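Let's take a walk through this one together. Have a look at the sequence and the fold before reading on.

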Amino acid sequence: MNRLAAALTAFLLILSAAAGAAPAYDNFKVAIYVPAGAVQAMREPAVREAQYRRIASQLKFDKVYLETFRNGQLVDEPTLEAVKKFFAGHGMTVAGGIAYSGPERGGQFTTLDYEDPADRSLCQKAAEMAARHFDEVILDDFFFYTSKSAADIAAKGKRSWTEYRLEKMREVSEDLVLKPARAVNARVKITIKYPNWYEHFQGLGYDLDVEAKQFDAIYTGTETRDPEITDQLLQQYESYGVFRFFENVRPGANRGGWVDTYDTRYVDRYAEQLWDTLFARAPEITLFNWADLASPAPLQPGERQGWSSLATSFDWNAMVHSLPAAAGAPGWARAAGYSLETADRLVGKLGRPLGIASYKPFQSRGEDYLHNYLGNIGIPIELTPRFPEQAPLVLLTQSAAADPDLVAKIKKHLDTGRSVVITSGLLHALEHRGITDIAEVGTSDRKIAVHEFIGAHGAGRGVSLDEAGKPTPAILYPEIHFYTNDAWPLIRGVAEARGVPILLMDSYSRATLYILNIPDNPGDLYRLPQPVTRTLRDYLLADFPVKIDAPSKVALFVYDNGSFVVQSYRDEPAKVSINLPKASMVHDFLSGESLHVSEAADAGGQRFSFTVQPHSFRGFATH
């Protein structure tokens with residue numbers, strides 16, 4: 001009888017996923033991307049039935065993207081239509097996909113050569129085929145350009161590779177993709193999905209300025225994977241931050257976030273990417289890919305022994321036991337389903353995200369991905385490609401130097417009584433572009449290995465910001481020159497008898513210019529004593545509705561309705577305090593726990609303390 005009941009439960013799960021009468025989740029849609037090889041494999045009815053049963057018994061989803069082209073090969077059209085009909089019959093929204101990739105060479109991804117007539121023809125043919133079968137098509141993140149053939153070199157001429165590729169891909173977008181597709185199907189809407197390496201886009205022809213507006217919509221790659229073992233070393237905060245950036249790149253047309261299962265040492269890292277995408281308020285999340293989710297191989301927990309006995313947000317035992325026995329061993333689909341169900345209980349209660357406005361102009365680069373390191377030490381960031389004139393405080397990293405009028409914009413912002421924070425990398429870039437009209441500060445070629453920190457503002461007021469009984473490892477900082485009494489260090493780093501400002505202030509007109517010194521290795525931000533990061537946040541988030549006091553690798557997401565989320569990426573529990581200016585009570589959305597004031601905070605605020613488990617989040621409302 002128990003076995004029969006379990007089988008019936010599994011069958012009802014499948015029917016529920018297939019019904020299509022209501023959204024799978026209350027607060028977002030879930031899609032699965034089906035690569036061309038997986039589409040081709042589903043030409044056999046038995047294969048597609050078995051794969052669908054495997055996924056639908058473990059994961060609710062609303063939509064599939066069926067890929068028509070990858071690695072230079074088109075899916076055969078009878079198979080495509082059969083698979084499309086199959087999913088439509090199960091109540092799914094069905095859209096198309098294209099991956100403009102060429103055959104891999106030596107383990108490296110390759111793209112089509114857009115100076116090669118044969119590749120140009122293939123590009124157009126793929127667009128036309130997708131438009132014949134679908135009214136909605138998404139381009140997977142291979143729509144960039146790496147070829148350096150003789151034809152490419154000749155066409156480039158005296159331009160840089162960046163200039164050439166940007167111009168070429170705008171032409172390719174219009175002439176080989178959009179116009180041909182719309183000629184075949186006037187109803188077709190085409191979305192371009194941009195990948196996670198946004199700092200380097202322009203060098204390979206990805207264009208967030210002109211190209212992003214050519215397409216009907218954009219999509220965000222939020223797959224950050226492991227922050228230490230992958231090539232790009234993308235930090236966890238980026239799964240949240242890059243979606244927010246693309247929201248500001250194309251307001252109202254950023255359709256969702258995209259996460260894959262790759263390069264994770266423990267299953268919680270997969271869940272974190274899904275959660276942070278949704279905490280950024282993505283309306284849809286795409287899971288890459290169908291083959292991984294359909295695999296019969298049992299899911300492995302990975303290297304999570306250090307916290308396996310704790311009640312973490314991704315509860316391995318609860319996930320395993322959330323399936324009836326008849327559904328088989330949980331796979332990646334169940335990991336996704338469990339994580340999404342957890343998030344769905346929270347995200348509908350969150351408002352519009354808030355963060356320190358940080359200007360990153362189109363086609364800019366500098367201090368690569370620094371915003372994500374800052375996010376990982378509890379400083380909420382809202383990246384924008386346009387200078388945020390109304391923001392009470394603007395954060396400018398070295399990438400902002402791409403704006404030739406930047407110094408004038410800084411002056412204007414300060415003149416209106418709004419403060420500006422510039423990093424040491426940007427200071428260096430602006431030294432001969434007029435920044436000394438605001439403050440006579442500069443950098444040198446010397447570095448100082450700091451191992452002590454002092455909070456200092458005014459004569460005789462220095463206090464240690466080191467952690468008692470815990471030596472600080474040496475952190476290498478660039479030297480910054482300033483004039484005493486014109487500028488004041490709010491935080492100093494000390495090495496033997498020599499110091500360097502970590503946070504420097506200089507009054508100008510009606511506001512304050514802050515200079516934030518960044519370690520040579522931005523990862524060393526995680527090694528700063530907690531009193532240093534607390535003091536940094538006190539200054540940078542002075543007018544913010546929520547401030548956090550926590551160790552590194554604990555992020556804060558804040559919303560305009562008084563809610564906030566604390567997300568820990570640490571391997572051990574984190575003790576956290578939140579400073580709120582007005583709230584008398586803080587309520588945990590998921591546990592129902594009410595936090596009470598633990599102590600009075602500075603400037604008349606109130607402090608609430610709690611613990612966040614490893615690789616877990618807590619979401620709160622304030623009253």
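Is Glu-171 buried or exposed, or does it count as partly exposed? At 21% relative accessibility, Glu-171 falls in the partly exposed class, because buried means under 20% relative accessible area, exposed means over 50%, and partly exposed is what lies in between (1.4 Å probe, protein chains only).

A word on the numbers: this is a predicted model, where local features need pLDDT of at least 70, side-chain atom pairs count only at pLDDT 80 or more, and totals for chains, interfaces and linings use all residues. Residues are numbered from 1 along each chain as its sequence is written, and side-chain values use heavy atoms, with hydrogens and water left out.

Back to Glu-171, which sits in helix 7 (residues 161–184); helices here are DSSP runs of H or I with at least four residues, strands are runs of E with at least two, and both are numbered from the N terminus. Setting aside neighbours within four places in sequence, Glu-171 touches Arg-120 and Leu-176, contact being heavy atoms within 4.5 Å. With Arg-120 there is also a side chain to side chain polar contact at 2.8 Å.

Now for helix 17 (residues 530–540), which is mostly covered, with 8 of its 11 residues buried. Among them are Val-532, Leu-536 and Leu-540.

Finally, find the open sheet of 6 strands, ordered 13-26-27-33-29-30 with antiparallel pairing. Strand 13 (353–354) and strand 30 (594–595) are at the edges with a single partner strand each, so one side of each has no neighbour in the sheet. Elsewhere in the sheet, 4 bridges link strand 27 (residues 564–568) to strand 33 (residues 617–622).

Conventions:
Pairing = 2+ DSSP bridges. Polar contact = N/O pair within 3.5 Å; in protein donor to acceptor, adjacent residues only side chain to side chain.
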